[in-house]
Amino acid sequence: MRSSSIGMTVVIALSMGGVTTPALAQNPLEQRISKAPDGVVRVQFAGRPGTCGDGRDVIGFRKALFAESFQSIGNWDAPNCRPGQVRVALTVANGKVTAVKTSVGGDWARTNDRVTDLGVVQSSEAASYFFALIPQIEGTGRRGDKSRLLLPPVLADDPSAVPRLIALAHDESRAQDTRRQAIQWIGLLGDAKVVPVLVEFARGGGAAPTGGDIDEDDEAPGKKGLATAAMAALSLLDNGAGVPALIDLARAGTPGTRASAVFWLGQSGDPRAFAALHGVIENGGEDERIRAHAIFSLANGGDTPETEYAYLRGIYPRLTSDKLKEAIFQGMSEKTSGGSAWLIERARDNSEPLKLRKSALFWAGQRESTPTKDLVAFYRGTADPTLREHAIFVLSQRDDEASLNELMRIANSDADKQMRSRALFWLGQKDDPRVTKLIGDRVLK
């Protein structure tokens, strides 16, 4: 209750302090844009420190990367993302803005439309204008453009962005996707002071799921997607400021809330988060699905150290659930070194159930760094027909010369007729002239 009341205090204070979205008519930039002839109106302004772009569609800021039709939150690498002014091209018809195109750095894109260039404007003026413009344009873009809706106001180097974002996130008249984007940017721009606000959203969204898997459906109506967005935002706050709140959310609440919290703990890369995930994984009284989510989160975090993969391998023998063991297999497939050898060891272990041996081999085969020669050696050294057939399938899912050569060898000369048949079947799914010739020769015999 304390967190919720603090969050409400923040919102009330913002309203009393006058940090609300101004009407467009009160903004000088709006007056200049509304008087422009039909066509494209260009404005540019200074972006926040850390803002970069390629001059076209790619824009980066901290852990967020935006391209033409997607956004990525986490670690990213874009060598062409360089600092520069924020450039916004607005399509205007009859004094109204119908589309917004944002880029950073570079030169203006060529256009056949009439261009009105307003030059460089103050960042504070731009931020006020573009926040006020949101109700007018939030329903006009294509689906892929939704994540770019807030880019102009949040990238402007203006200190009022976070209070405006909090007000926008609470505005129930706005589209849910707009509110979700606002919450995401609270995490990217805010500090420890916004934690109560984000916790308020995290606890206010979504009931426990009814399906077999725990998931937060971001496209569902209501506040369910806002809860997930808030937990993601908590993981984005600088210096791990949101981690203690995520740990609390992982311990109490609906199954959906706890599952989302454990996922975002893994994305934070914080040692406190890893320790909390260990507690979830080892808690025999916890929902098995949430424990599996914790394993997935630990293995698939952007900054997961080798020690955490060693932890998963070490805890494996103590687990009694096949679901949890398979979650560790999948996690090992993300490991850049050592994971495949351990997986193949599990596949060879006669004390393991056949189902788990097959799963371990499958995930070993999914790793590009797993040497194909190890998979070939497994096939040739295994007598169990079920595992041999499964190894053929695993080899068929790889796209390298060594796996194709082994499948060709099996189809041509393996002593087991059934294995020859299975290899030939999977070879038939590949587009390779040698396979075509092999099948043609078989038909002619």
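This section describes a sheet, a cavity, a helix and several salt bridges in a predicted model.

Four strands make up an open sheet, ordered β2-β3-β4-β5, with antiparallel pairing. The edges are taken by β2 (52-53) and β5 (71-73). Each has a single partner strand, so one side of each lacks a neighbour in the sheet. Strands β3 (residues 59-61) and β4 (residues 64-66) run antiparallel and are joined by three bridges. Here glycine 60 stands opposite leucine 65 of β4.

A search of the whole structure returned one cavity of 30 Å³ or more. The largest cavity holds about 30 Å³ of space. Its lining consists of Val100, Phe130, Ile134, Ile137, Leu149, Pro152 and Pro153. Two or more of these residues come from each of α3 (123-137) and α4 (151-155). Helix α3 gives the largest share, three residues. The lining is made up of seven nonpolar residues, with no polar and no charged ones.

Of the 15 residues of α3, 11 are buried, so the helix is largely enclosed by the rest of the structure. The buried set comprises Ser123, Ala126, Ala127, Ser128, Tyr129, Phe130, Phe131, Ala132, Leu133, Ile134 and Ile137.

The model contains 20 salt bridges. One of them joins lysine 355 to glutamate 326, with the closest N and O atoms 4.0 Å apart. This pair links distant parts of the chain. Lysine 355 belongs to helix α16 (residues 354-366) and glutamate 326 to helix α14 (residues 322-332), 29 residues apart. Lysine 355 has 53% relative accessibility and therefore counts as exposed. Glutamate 326 is partly exposed, at 24%.

A second salt bridge brings together the side chains of arginine 398 and aspartate 400, at 3.5 Å from N to O. Arginine 398 is buried, with 8% relative accessibility. Aspartate 400, at 26%, is partly exposed.

Glutamate 406 and arginine 409 also meet through their side chains in a salt bridge (3.0 Å, N to O). Both lie in helix α19 (residues 401-413). They are three residues apart, about one turn of the helix. Glutamate 406 is buried, with a relative accessibility of 3%. Arginine 409 reaches 28% and counts as partly exposed.

Salt bridges also form a network, which links Glu138, Asp171 and Arg174.

Terms used:
Residues numbered from 1 in each chain as written. Predicted model: local features only at pLDDT ≥ 70, side-chain atom pairs only at ≥ 80, totals over all residues. Heavy atoms only, no water. Pairing = 2+ DSSP bridges. 1 Å grid on protein atoms, 1.4 Å probe; cavity = no way out; pocket = protein on both sides within 12 Å on 5 of 7 lines; lining within 4 Å. Points joined across faces, edges and corners; volume = space filled by probe spheres on them. Nonpolar A, V, L, I, M, F, W, Y, C, P; charged D, E, K, R; others polar. Buried < 20%, exposed > 50% of the residue type's maximum accessible area, 1.4 Å probe, protein only.
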